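Trainee: Could you walk me through this one? I'm new to it.

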Amino acid sequence: YVGLNDAEGPPTLCDLCLAQVCQSLSSLCSMRADGSMSLIWAPVFPQETADQLLNHMAAKEILNDTTVGIFRSCKELRLRRASIQSCPLSAEAFRLALCPHRLLELDASWVSGGLTGADIVSGLASNPECRSSLQRLSLSGLRLDWESLEANGGIHVGFSSLRGLRMLNLANTDLNDAALEDICNLPHLETLDISCSAISKLTALLECKNTLRSLIAHRQRHLDMSPAQLLFVFSQLHALKHLDFSEDHFSVDDSDGRDGDETVRQLLEGSPQVLPSLVSLDISGRKRISEAAIRSFVESRSGLVFLGLLATGVSSCDFFSTQKSLKVTGEADENQVCEALRRYRDRECFIREALVHLYSLTTDTDKPQPDVLKLVVSGMQRHPTSLQIHLVATACVFNLTTQDLAQAMPISLLSSTVTQLLNTMKNFPNHQQVQKNCLLALCSDYILQEVPFDKYLAAMLVINWLSSHEDPTLQRMAVAVISILVAKLSTEEMAQFSKDIFIMKQLLAIVQQKAMVGVVDSTLKFALSALWNLTDEMPVAARNFIECRGLELYEEVLESYYTEPSIQQKVLGLLNNIAEVEELQADLMEEDILEHILSLLQDSQVDVGVRYFAGGILAHLASRPDAWTLENELRSTVLKQLHDSIMTWTHLEREMVSYRSFHPFCPLLQTCQPAGVQLWAVWAIHLVCTQNTSHYSSMLEKEGLTELLKALAAHPSTHSDIKGLSDSVLSMVEQHQIHAGAFNNQTAPQRS
């Protein structure tokens, strides 16, 4: 779905084709004896396309031991840059499908399924080509687990066997000192990430001091080196351009990380000859840093382009206003905060800190900021289980999409944002503030009406949340969201939704709660609208309504809200839905309620909208003489009053009702029906066709009602009032056909 204001544009043809292949894998493949898939036939893919197919499968979460089997065909699908991030793969599936390829890059971060770092390294090293070709390897989030490999009879093959490696990411692993020594023997190693590992000594880095250009050592909790020792190692890394020695400030008390903080202080205040060529330095989360030291450090290193200072207390230093080419992460302004959200995507502590400051910065914003919203959603996606991130992020989403801001956002961005909000509601069902933030963001008419997302899931999440919360403000928002979502469900989704009697009970409980105190507010109106939509051409929902004693409640509401046409219309609209269901009409055959509805129809002081729905109920019930169980005199009165009343109604400009289909009207338009019944049906069709000619003209033709109207207009016994309205409707349909035909002729492609 691409809107007119969607800056990202449509997906590429390549993406669409790859998505189709992913969707059709089962029909394109046969199964091997071991349960893995094999393409029945495949051309030789362009090399980049093979990489893209693997990445698509991983992104769509369909890459596993079964599907990865297609990549055993190394001639047709030649992988070079492979990503299997977060995929459930076993060691055997990995060995058979990926190790035979001449890989340049492999991202195996956070894979599950039992695959260890040792399995990956030994598998890659078993391919002589990979030993020299592989340049980039990411094993972030894995257990290296050399011991298990050796225990199972495997040969310990270290990282140093992959001689071509230039970039190695071992963040969040059980990397130890011995493995680091092995790694530092790599002849071309330029970038190394050892964040959150078990290393106690960095001395081994001296072995690659002439090649190492980037060292990322965030949150080194197990380091056992004095500040002097650390500084000596750093000072010897002659090729180093990028150093990240940041710390998780949330999980450090004053005693932890003290040596690291002191090392940073000495580095900043020390000789300019230490790391003179540094281009970027990240010390976010470090303590005891002075503005003077920062100024001195930056001034003595003219090549510096990035400085990480989030949660250090010094990012608001006035000095930075003169450093136009220097990017800074911090909390001084929106630029610093957004830089932090961009750079620290995988670091929960920093994303959380940045979002807190972003919330303050966007509280009163009146400027659409799609790029900022995208960063917030990315943070939520990267940390799906972090309550702290989602608590603040959902509040930021509300700030960035409130009022008219959402209308200036790309539709695809809003769609992914709402999808993420729904995931958050699923993941944190019992956290009231998170749910409240999500509801606040969802409670936007533009988002609910115009943005594509899973409306059924949203309705279920909101109704489930509503069942355990009675806060009036939140209840109003939740019911408002449900009332709009229910009207947006497909027929199939509505059928599924309406089966749940629990939903009916929740909404009726709100109506009863409001009716008991006689209040007229938006919550009551939204609840009545939701119930009305829920029962629209849904016999199961209508039956649930009756079983939940909804008829008795609605009879009371009709009487007690006699002077409130907006309430009466919604009540009578639902009773119309019940009257359309033949097997439920008997439940409405009670003299008191029909007398009351008849009085509404007859009263010229009553709003036309109210009289319209009253007439609909009576027309449906009076259309079946065999099912009429009350006095025949009452039916005769109903039929006469229907005709007399309808002829006094003025045309309504405002849209009062919409119909999913005209099927319920078919029985009322038969030539054998009484004039009062026919007149109500034709007047109703004329009303909606006048207000939305294009939509309802097409529906009339598609559902065969034009033929019924023609038969009615041509029948000798049809009343002239009905003939006039029928002819008017048929004329509108004919005009629509002419205009539609003319438009199609203008836009049709010319053939030579």
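This is a predicted model: local features need pLDDT of at least 70, side-chain atom pairs count only at pLDDT 80 or more; totals for chains, interfaces and linings use all residues.

Trainee: Okay, what order do the strands of the open sheet come in?

Mentor: The order is β3-β4-β5-β6-β7-β8-β9-β10-β11-β12, ten strands with parallel pairing. Strands here are DSSP runs (E, at least two residues), numbered from the N terminus, and helices are runs of H or I with at least four. Two strands pair if DSSP finds at least two bridges between them.

Trainee: And which are the edge strands?

Mentor: β3 (81-83) and β12 (327-329), each pairing on one side only. From one strand to the next, the twist averages 5°.

Trainee: How many bridges link β11 and β12?

Mentor: Three, in the parallel sense, with β11 covering residues 306-308. Leucine 307 has valine 328 in β12 as its bridge partner.

Trainee: New topic: what does UniProt list for residues 379-734?

Mentor: An unreviewed UniProt entry lists "domain: Protein zer-1 homolog-like C-terminal" there; such annotations may be inferred rather than shown by experiment. That stretch is 70% helix and 0% strand, and its end C-alpha atoms are 54 Å apart.

Trainee: At what angle do α23 and α26 cross?

Mentor: Roughly 15°, with the axes of α23 (residues 522-534) and α26 coming within 9 Å. Axes are lines fitted to C-alpha atoms, for helices over the stretch in contact, and angles run from 0 to 180 degrees between N-to-C directions. α23 and α26 are therefore roughly parallel to each other (under 35 degrees; over 145 is roughly antiparallel, 65 to 115 roughly perpendicular, the rest oblique).

Trainee: Which residues meet there?

Mentor: Among them, Leu524, Leu528 and Trp532 in α23 meet residues including Ile567, Val571 and Leu574 in α26. By class, the α23 contact with α26 has seven nonpolar, five polar and two charged residues.

Trainee: How do α26 and α27 cross?

Mentor: The axes of α26 (residues 565-579) and α27 (residues 591-602) come within 13 Å and cross at roughly 125°. That makes α26 oblique to α27.

Trainee: So which residues make that contact?

Mentor: Gln568, Leu572 and Leu575 of α26, plus Ile593, Ile597 and Leu600 of α27; contact means heavy atoms within 4.5 Å.

Definitions and conventions: Residues are numbered from 1 along each chain as its sequence is written. Side-chain values use heavy atoms; hydrogens and water are left out. Ala, Val, Leu, Ile, Met, Phe, Trp, Tyr, Cys and Pro count as nonpolar, Asp, Glu, Lys and Arg as charged, and the others, Gly among them, as polar.
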